[in-house]
Each structure stands twice: as C-alpha cells, then as structure tokens.
Amino acid sequence: MLATVLHGPRDIRCEQVAEPKILRPTDAVIRLAATCICGSDLWPYRGLNETAGPQAMGHEYCGIVEQVGGAVKTVRPGQFVVGSFCLSDNTCPHCRFGFQSSCEQREFMTGAQAPVARVPLADGTLVATAELPPADLIPSLLATSDVLGTGWYAADAARVQPGSTVVVVGDGAVGLMGVLAASQMGAARIIAMSRHKKRQELALEYGATDIVSERGEEGIARIRQLTQNVGADSVLECVGTKESMDQALACARPGSMIGYVGVPHGVTFDGQQLFFSQRGLMGGPAPVRRFLPHLMDLVLQRKINPGKVFDLELPLADVAEGYRAMDERRAVKVLLRL
C-alpha cells in the first residue's frame, strides 16, 4: 500500500510499504476512512525534531475495524471507530484520573497517513460509533482524534468557565479548535490572536468575539485594553514557542490558568517572574481519550462542525504538497483522501 514516510528534513514521500498486521493480542487493524496532516508533523518535517531513519507519519485516524487481536474485547470487525493519537490501556491509575496521555503503557500512534493502520492497545484507545456515520461527518470525526481533542484540553486545562474571558494564542488548527471549545464551555468573551484573514473568519464562526492581530508587546497591550487592564481569566497557548508562551503569561490575570498544548520548542521560564505572576499552568499532550465519547456525540448530533478546519483536500499521493502548504501557511489543515 502507499503510505507517507519522512526520510529527512523536508523530504516527505508517498511510497509503497507493507500493510500492517496484528503484532500483539491487544492490537486492532483498521481501514481508514480519512487521514490528515497535523501541525505537530511540521516539527520533524522542518528538522526541528530529531528522526532516526525513515519515519512513518500520521497519528490522526478514524475508520472501519478489519481485524482484532485475541485479547481485544470492546471493538470488533465492521465497527466504525475513532482513536486518540496517544495510545492507552484506559485502566491504569493515570488513565482512571483522566490522563490517558500519561498511561503507564503509553505509546504514540504512527503510520496513520495510509489506507490501513495498526492500533496498539485497541480496547483502551478506540471508541466505536453505534452505526456507520454519514460520509459528510467523517472530517469532523477525524478532527476529534487529535486537533479538536487537543483544543478542548487546552480550554479544560485553562479552566474555562461560563461567562469568562478567554484569550487564544495561536490561529492554527488547534487554536481554532480551542476557540470552538471555549465557546462550547460558555465563555462570554473569546479573544483570538490572529493575523490571517481566513483564520480570523473561521475563529469568528467558531465563537470568537474579538480578533487581535498585534503580536509581542503590542498584542499584550491590546489584550490589556480589551480587558480593562485586568487580563484574561483563561489563556489557551496553542503554539509552543517561547514567544507564544511569554505572550500567554502576559495576557493572563493573576489567579488565572493557562492551558498549554503547543509542543514546546525553546521555551524557558524566569522563576522569579513566574513566582510573582501568580498564574497557573496546566498542559502537555492532550488526554483525548477522556473527551472522545463526548466530542464524538457532539459531532454525530451535528452540534459542532470541527471538520471545517480542513481547508485543503488532497489525494494521499500528493501528501508532499500538503506538507508544503501547511509549512508555508497556505493551508490551516490538510485532509488526505485515501
């Protein structure tokens, strides 16, 4: 089958690989209904994450179960399933506390930019729908696998409350999903920081009440102006750079929470500044499995449409163009046809 393989910085190829098979009794093999490119895939693509040899790409997935290992009990062949990018048993102490992304058996999904994928820890990772979903909901169900779940976790970690003021730092797919999540959680004011018209429009559609295009000190000053010099109750940091984290801290009021889900690259903290700021931090890899049943229900009931974040659709064979489009910010998120 054809699959996406990263051979080195900016060397992404669609090439023939062997179809995956059951390797452990806890595995499932699924035929994907759709797959996509994630913003976090751009870190190794740009050479900012080390890779050792060719690397199978893709960690967002949904589709039909084809095979299961002998120990799998909760899903069966023929079911439509969605899974998290973090693979978990969903039974260990960390999973029971709702942090499946810190599971004692945690693995990270790979190889999902392909027609068929192996999913380890299938019982704890996959969630099945009651029946096969309509085709038009596939992109939104795919979004629950990572990007929506991650944006939702950012809002949850930032303790977004009804009536609160929220700032979202980052206008990529995760930031836009953070806007959607904050809106669903009842925030009264959602300030999206974005300089790109298309992304601003989608942020407004998802529930943003204000757009701030400034960055750095100007952006912080604008947030202060909008919040009567108080700062936000909750800040969602959805980028992962030092600049974005500094901006998130400066936009938050004392006693607030910052939910950070951007994979950190070059982020450092000043201990004294952090101590006297009196702002809380919670983040890391999103425990998508905690939220997955609820998010899937919202999609299936057509209460939300996260699939609109896919603004470019390409065949898998053109995956290299998809990476270039996201790298050059010509696309927010690329859906790959199989």
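The lining of the second largest pocket is made up of 15 nonpolar, four polar and two charged residues. Here Ala, Val, Leu, Ile, Met, Phe, Trp, Tyr, Cys and Pro count as nonpolar, Asp, Glu, Lys and Arg as charged, and the others, Gly among them, as polar. This is a predicted model, in which local features need pLDDT of at least 70 and side-chain atom pairs count only at pLDDT 80 or more, while totals for chains, interfaces and linings use all residues. Residues are numbered from 1 along each chain as its sequence is written, and side-chain values use heavy atoms, with hydrogens and water left out.

**The second largest pocket**

- This pocket holds about 280 Å³ of space. On a 1 Å grid over the protein atoms alone, a pocket is an open set of points with protein on both sides within 12 Å along at least five of seven lines, and lining residues have an atom within 4 Å of a point.
- A volume is the space filled by probe spheres set on the points, which are joined across faces, edges and corners.
- Of its 21 lining residues, Pro20, Ala56, Thr110, Gly111 and Arg118 lie nearest the centre.
- At least two lining residues come from each of β1 (2–8), β8 (107–108) and β9 (116–119). Strands (E, at least two residues) and helices (H or I, at least four) are DSSP runs, numbered from the N terminus.

**The three-stranded sheet**

- Strands of a sheet pair through backbone hydrogen bonds, either parallel or antiparallel.
- In this open sheet the order is β2-β1-β4, with antiparallel pairing; two strands pair if DSSP finds at least two bridges between them.
- β2 (11–16) and β4 (55–56) are the edge strands, each pairing on one side only.
- Two bridges join β1 and β4, and Leu6 has Gln55 in β4 as its bridge partner.
- Helix α12 (residues 319–327) packs on this sheet and touches β1 and β2, its direction making about 155° with that of β2. Contact means heavy atoms within 4.5 Å, and angles run from 0 to 180 degrees between N-to-C directions, with axes fitted to C-alpha atoms, for helices over the stretch in contact.

**The six-stranded sheet**

- This open sheet runs β13-β12-β11-β14-β15-β16, with parallel pairing.
- β13 (210–212) and β16 (280–283) each have a single partner strand, so one side of each lacks a neighbour in the sheet.
- From one strand to the next, the twist averages 20°.
- β15 (residues 252–260) and β16 are joined by four bridges, and Met257 has Gly280 in β16 as its bridge partner.

**Salt bridges**

- The structure holds 21 salt bridges, each a side-chain nitrogen of Lys or Arg within 4 Å of a carboxyl oxygen of Asp or Glu.
- In the pair Asp136 and Arg302, the closest N and O atoms are 2.7 Å apart. Asp136 sits in the loop between β10 (126–128) and α4 (138–144) and Arg302 in the loop between α11 (288–300) and β17 (312–315), so the pair ties together parts 166 residues apart in sequence.
- Arg199 and Asp171 form a salt bridge with closest N and O atoms 3.8 Å apart.

**The largest cavity**

- There is one cavity of 30 Å³ or more, and the largest holds about 40 Å³ of space. A cavity is a set of grid points where a 1.4 Å probe fits but cannot get out.
- Its lining includes Asp171 and Arg199, the salt-bridge partners met above.
- α6 gives the most to this lining, with three residues.
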